[in-house]
Amino acid sequence: MVADSPFLSQHPGFAEGVPQAGAFVMQADERLKTPRTAGLIWREMQRCRIERGGPVLAAGGGLVLDVAGFAAATWARGVRLVSVPTTLLAQVDACLGGKTGVNLGRAKNQVGAFHPAEEIVICPAFLDTLPEREVRCGAGEVLKTAILSGDPALRELTGAIPPPGPARRSWFRTASERCLAFKAAVVREDPFERGRRIIRNLGHTGGHALEGATGFALSHGEAVGLGLVAAAVVARRFGAPGTLAGEIRSALAGMGLPVTVPPGADPAPLLARDKKTRGGSRTWVLPLGWGRVTTAVIEPADEAVLLAGAMSELRG
Ligand SMILES: NC(=O)c1ccc[n+]([C@@H]2O[C@H](COP(=O)([O-])OP(=O)(O)OC[C@H]3O[C@@H](n4cnc5c(N)ncnc54)[C@H](O)[C@@H]3O)[C@@H](O)[C@H]2O)c1
């Protein structure tokens, strides 16, 4: 949510007309996605005497949903949560699946809980005011789900994002419906990410490292887009067709996302910070085609060679 100051607890007029409701308004800034903010929300809940039934209504992008969801998960050992996502990324992904959390220092989402929203309200009209870069950021996640699911309707969407207007609204609606349907099926099968749900990290191993390597000049969605290409290049060793990386790159270009890494950005040193590192090796989620994906634990020496190959394609 957008506000003039980071914390506008008891913002005058914000909850006007909502009986007995309180409001906590925060700026969507990763530096404020902290235990301290969760504590301020708890204080507001205490002031409003929120009981176990809640409900807490979280409205905003993925950042606000994560921190508000975490406050709801922990208040009175869990109160009912209603989610109102207002960014494309949140409408196609973050609003569903129950992951809530806050950062601890630079460690993203280090403290958290699984606490699914009981109700999700999707309103594409919110996206009319979304900056273009945020639209593209969400589109990177749509592409990820198109690859994972092999859903032809989603693949068609990745050709281009229509200009603002009715066609774009319809693009948003289809993207949200199809992405959430696929995510719901994966989450139902593996709600606590002990197995199949790991596939949702497609593009994130290389993507997170690239995000850090560029000092966050690449946004999360832009970096994940490039991470999808890197994964497709690495996946050739595991049987992916040589053409897949090019197809993903064409989709990125069609949606206005970057297709090359900025000069000098080297993701290799940052790979070790990946949360899926065990005993020095990482589990990569690898696309073998549209709708076909596998996972592989890749030893560091091998990974260095494969990643260097992917980076050399992404530079040229
Ligand atoms: N829980 C999950 O499953 C999950 C999944 C993916 C990402 N995330 C988290 O989500 C966060 C990223 O979420 P995001 O991409 O939605 O970004 P965000 O929540 O940081 O919002 C991006 C920007 O858009 C603005 N904004 C929000 N709604 C708007 C609207 N309707 N009109 C105009 N501006 C609007 C915000 O103020 C902010 O400046 C990260 O913290 C990430 O860790 C969580």
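Hi everyone, thanks for coming. Please keep in mind that we are looking at a predicted model today.

Let's start with the ligand. Which residues come nearest to the ligand? There are 23 residues around it, and the nearest are Glu30, Gly62, Thr86, Thr87 and Thr129. If you sort that shell by class, you get 9 nonpolar, 6 polar and 8 charged residues.

Where in the fold do these residues sit? Three elements each supply at least two residues of the shell: helix 2, which runs over 62-74, helix 3 at 88-94, and strand 4 at 107-114.

Lysine 33 has a polar side-chain atom 2.8 Å from an oxygen atom of the ligand. Lysine 108 also places a polar side-chain atom by a ligand oxygen, at 2.9 Å. With leucine 63 the backbone is involved: one of its polar backbone atoms is 3.1 Å from an oxygen atom of the ligand. And how much of the ligand does the protein bury? On its own the ligand would expose 880 Å², and the protein buries 82% of that.

Next, a look at the backbone. Most residues other than glycine have a negative phi. Alanine 76 is not a glycine, yet its phi is positive, about 50°. Arginine 77 is not a glycine either, and its phi is positive too, at about 60°. Where do we find them? Alanine 76 is in the loop between helix 2 and strand 2, the strand at 81-85, and arginine 77 lies in the loop between helix 2 and strand 2 as well. Are they buried or exposed? Alanine 76 is partly exposed, with a relative accessible area of 33%, while arginine 77 counts as exposed at 76%.

Last topic, the cysteines. How many disulfides does a search of the whole structure find? The count is 0. Take cysteine 137: its closest cysteine sulfur is the one in cysteine 179, and that is 13 Å away, so the two are too far apart for a bond. For comparison, a disulfide here would need the two sulfur atoms within 2.5 Å. Cysteine 137 counts as buried, at 9% relative accessibility. Cysteine 48 counts as buried too, at 18%, and the cut-off for that word is under 20%.

That's my tour, and I'm happy to go back to any of these residues on the screen. Thanks!

Terms used
Residues are numbered from 1 along each chain as its sequence is written. This is a predicted model: local features need pLDDT of at least 70, side-chain atom pairs count only at pLDDT 80 or more; totals for chains, interfaces and linings use all residues. Side-chain values use heavy atoms; hydrogens and water are left out. A residue is near a molecule or strand if one of its heavy atoms lies within 4 Å of it. A polar contact is a pair of N or O atoms within 3.5 Å; within protein, one must be able to donate a hydrogen and the other to accept it, and residues adjacent in sequence count only if both atoms are side-chain atoms. Accessible areas come from the Shrake-Rupley method with a 1.4 Å probe; for residues, only the protein chains shown count as cover. Helices (H or I, at least four residues) and strands (E, at least two) are DSSP runs, numbered from the N terminus. Ala, Val, Leu, Ile, Met, Phe, Trp, Tyr, Cys and Pro count as nonpolar, Asp, Glu, Lys and Arg as charged, and the others, Gly among them, as polar. Buried means under 20% relative accessible area, exposed over 50%, partly exposed in between (1.4 Å probe, protein chains only).
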